[in-house]
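This briefing is intended for a reader who is meeting the structure for the first time. Please keep the sequence and the model in view while reading the points that follow.

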Amino acid sequence: VTGASSVVFNGALKTSSGFLAKSSVVEDGPMVQITPETMESLRQALRDKNFKITCGKTDTGDIKEYVNICWVENEEKTNRG
């Protein structure tokens, strides 16, 4: 669980890059680079429910990173400050 002042979703990742998605930390929060198709799914999902983005190379079985976007009512489970 990471608390952040901002989050950036960049929907310009090309499928030819070989990545499902990429995540990194910039300034004071995460930046997630995703494909235009994933961006459209994210937009719709944020209207309806939680959303999970899988990051990592498309052609390997390596351990993957996940960026989970969750709506919570109980703030005790999130970072403070």
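Leaving aside its neighbours within four places in sequence, Val-32 is in contact with Val-8, Phe-9, Asn-10, Lys-22, Ser-23, Ile-53 and Val-67. The model examined here is a predicted one. Val-32 also belongs to the largest nonpolar core, and in strand E3 Val-32 is the bridge partner of Phe-9.

**The nonpolar core**

- Eleven residues make up the largest nonpolar core: Ala-21, Val-32, Ile-34, Met-39, Leu-42, Ala-45, Phe-51, Ile-53, Cys-55, Val-67 and Ile-69.
- At least two residues of this core come from each of helix H1 (36–48), E4 and E5.
- Two of the core residues, Ile-53 and Val-67, are also among the contacts listed for Val-32.

**Strand pairing**

- Strand E1 (residues 8–10) and strand E3 (residues 29–33) run parallel and are joined by three bridges.
- Strand E2 (residues 19–26) runs antiparallel to E3, with five bridges between them; within this pairing, Val-26 has Gly-29 of E3 as its bridge partner.
- E2 is also joined to strand E4 (residues 51–57), in the antiparallel sense, by two bridges.
- Ala-21, a member of the nonpolar core, stands opposite Gly-56 in E4.
- Five bridges connect E4 with strand E5 (residues 65–69), and this pair is antiparallel.
- Lys-52 has Asn-68 in E5 as its bridge partner.

**The hairpin and its turn**

- E2 and E3 form a hairpin in which two residues lie between the strands.
- Glu-27, located in the loop between E2 and E3, has a positive phi of about 50°.
- Is Glu-27 buried or exposed? Glu-27 counts as exposed because its relative accessible area is 82%, where the cut-off for exposed is over 50%.
- Glu-27 and Ser-5 are 22 residues apart along the chain, and their C-alpha atoms are separated by 9.2 Å.

**Aromatic rings**

- How many aromatic pairs does a search of the whole structure find? The search finds zero.
- Two rings do have a lysine over the face: Lys-22 lies over Phe-19, at 5.0 Å from the ring centre, and Lys-52 lies over Tyr-66, at 4.1 Å from the ring centre.

Definitions and conventions:
Residues numbered from 1 in each chain as written. Predicted model: local features only at pLDDT ≥ 70, side-chain atom pairs only at ≥ 80, totals over all residues. Heavy atoms only, no water. Phe/Tyr/Trp six-rings, centres within 6.5 Å; stacked < 30°, edge-to-face > 60°. Lys NZ or Arg CZ within 6 Å of the ring centre and 35° of its normal. Pairing = 2+ DSSP bridges. Helix = DSSP H or I, 4+ residues; strand = E, 2+ residues; numbered from the N terminus. Core = buried A, V, L, I, M, F, W, Y, C linked by side-chain atoms within 4.5 Å. Buried < 20%, exposed > 50% of the residue type's maximum accessible area, 1.4 Å probe, protein only. Contact = heavy atoms within 4.5 Å.
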